[in-house]
Amino acid sequence: MENPGLVVHGQTSSFSTALRSLVNNPQYSDVCFVVGQERQEVFAHRCLLACRCNFFQRLLGTELGPGVPSPVVLSTVPAEAFLAVLEFLYTNSVKLHRHSVLEVLTAAVEYGLEELRELCLEFVVKVLDVELVCEALQVAVTFGLGPLQERCIAFIEAHSQEALRTRGFLELSAAALLPLLRSEKLCVDEVELVRAARSWARVGAAVLERPVAEVAAPVVRELRLALLAPAELSALEEQNRREPFIPVEQIVEAWKCHALRRGDAALGALCRRRRGTLPREHHRFLDLPFK
């Protein structure tokens, strides 16, 4: 019986180095991509991309025929992120950077590259900080990355005041902001949270060219106005008259808690203190302390 033979392996480092030299190398390239808003040309090799990634197999099978390669336009992915994807496809390794890892992660998800996605997720968790966390949360919510979403929310809960002041917070979608406003573990007082939510709505209103109250509508009910002292609630009500942000009936519900000197069972968690809520005299009437 003939011996089946033995698979032996050469050095992987030299193999990886050789393939890395082909990334964005026009020599022997048979496909050109035009990527990002800057429309940068990136050169690649169809056979390698097609065998490594189903997305490119489908794309290149329909976009290009034999003969002279035609540019394939991928305008939504930044050039740096696309080159990182190519590096991974060519070498099965990639050098990630904090400033671009979320763009690489987005590309990995869109291209169905599960291994690259997991590498990016591990890296994001390692470098997560105040400036990155809200952007990472938005990516997690957009693509349904549950574990990353949980890590981001836990980080923001521990660093609430700093995170609320970042540009990333102001750029969150309503779907990403909702789980934050529902959290009882935020280390921030409600006055500051209301102020941050208003700033978020103003930015959205300017971008979408819609009224502040309309932008705020999907999330504003999660603000716990019953936690505010009467003077704070009066000031909020006056500001709300000048710039509508919170539905009038929501403010009325908060005044009802003050008038009855007890929490409203119908409001449930909206009468419960958060971890960062500063104590106020009327809180003893709510009978719903933070747990």
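Trainee: Does phenylalanine 56 count as buried or exposed, and at what relative accessibility?

Mentor: Please keep in mind that this is a predicted model. Burial is read from relative accessible area, and buried means under 20%. Phenylalanine 56 has 0% relative accessibility, so this residue counts as buried.

Trainee: Which ring is paired with that of phenylalanine 56, and how is the geometry of the pair described?

Mentor: A pair of aromatic rings is described by the distance of the centres and the angle of the planes. A search of the whole structure finds six aromatic pairs. In one of them, the ring centres of phenylalanine 56 and phenylalanine 82 are 6.2 Å apart and the planes stand at 65 degrees, so the pair is edge-to-face. Phenylalanine 56 belongs to helix H3 (residues 54-63) and phenylalanine 82 to helix H4 (residues 79-91), so the pair ties together parts that are 26 residues apart in sequence. Phenylalanine 82 is buried as well, with a relative accessible area of 0%.

Trainee: Which residues do ring pairs link into a cluster?

Mentor: The cluster consists of Phe33, Phe55, Phe56, Phe82 and Tyr111. A ring may also have a charged side chain over its face: arginine 52 lies over the face of phenylalanine 88, at 5.3 Å from the ring centre.

Trainee: Which strands are joined to S1, and in which direction do they run?

Mentor: Strand pairing is read from bridges and from direction. S1 and strand S2 (residues 40-44) run antiparallel and are joined by five bridges; within this pair, cysteine 32 has phenylalanine 43 as its bridge partner. S1 and strand S3 (residues 71-74) run parallel, with four bridges between them, and valine 35 stands opposite leucine 74. The hairpin of S1 and S2 has four residues between the strands, and glycine 36 takes a positive phi near 75 degrees there.

Trainee: Which residues other than glycine have a positive phi?

Mentor: Asparagine 24 is one of them, with phi near 55 degrees; tyrosine 28 is another, with phi near 70 degrees. Asparagine 24 lies in the loop between helix H1 (12-20) and S1, and tyrosine 28 is found in that loop too. Asparagine 24 counts as partly exposed at 26% relative accessibility, whereas tyrosine 28 is exposed, with a relative accessible area of 68%. Proline 26 is also found in the loop between H1 and S1 and is partly exposed, at 49%.

Trainee: How far apart are proline 26 and valine 215, in sequence and in space?

Mentor: They are 189 residues apart in sequence and 48 Å apart in space, C-alpha to C-alpha.

Notes
Residues numbered from 1 in each chain as written. Predicted model: local features only at pLDDT ≥ 70, side-chain atom pairs only at ≥ 80, totals over all residues. Heavy atoms only, no water. Pairing = 2+ DSSP bridges. Helix = DSSP H or I, 4+ residues; strand = E, 2+ residues; numbered from the N terminus. Phe/Tyr/Trp six-rings, centres within 6.5 Å; stacked < 30°, edge-to-face > 60°. Buried < 20%, exposed > 50% of the residue type's maximum accessible area, 1.4 Å probe, protein only. Lys NZ or Arg CZ within 6 Å of the ring centre and 35° of its normal.
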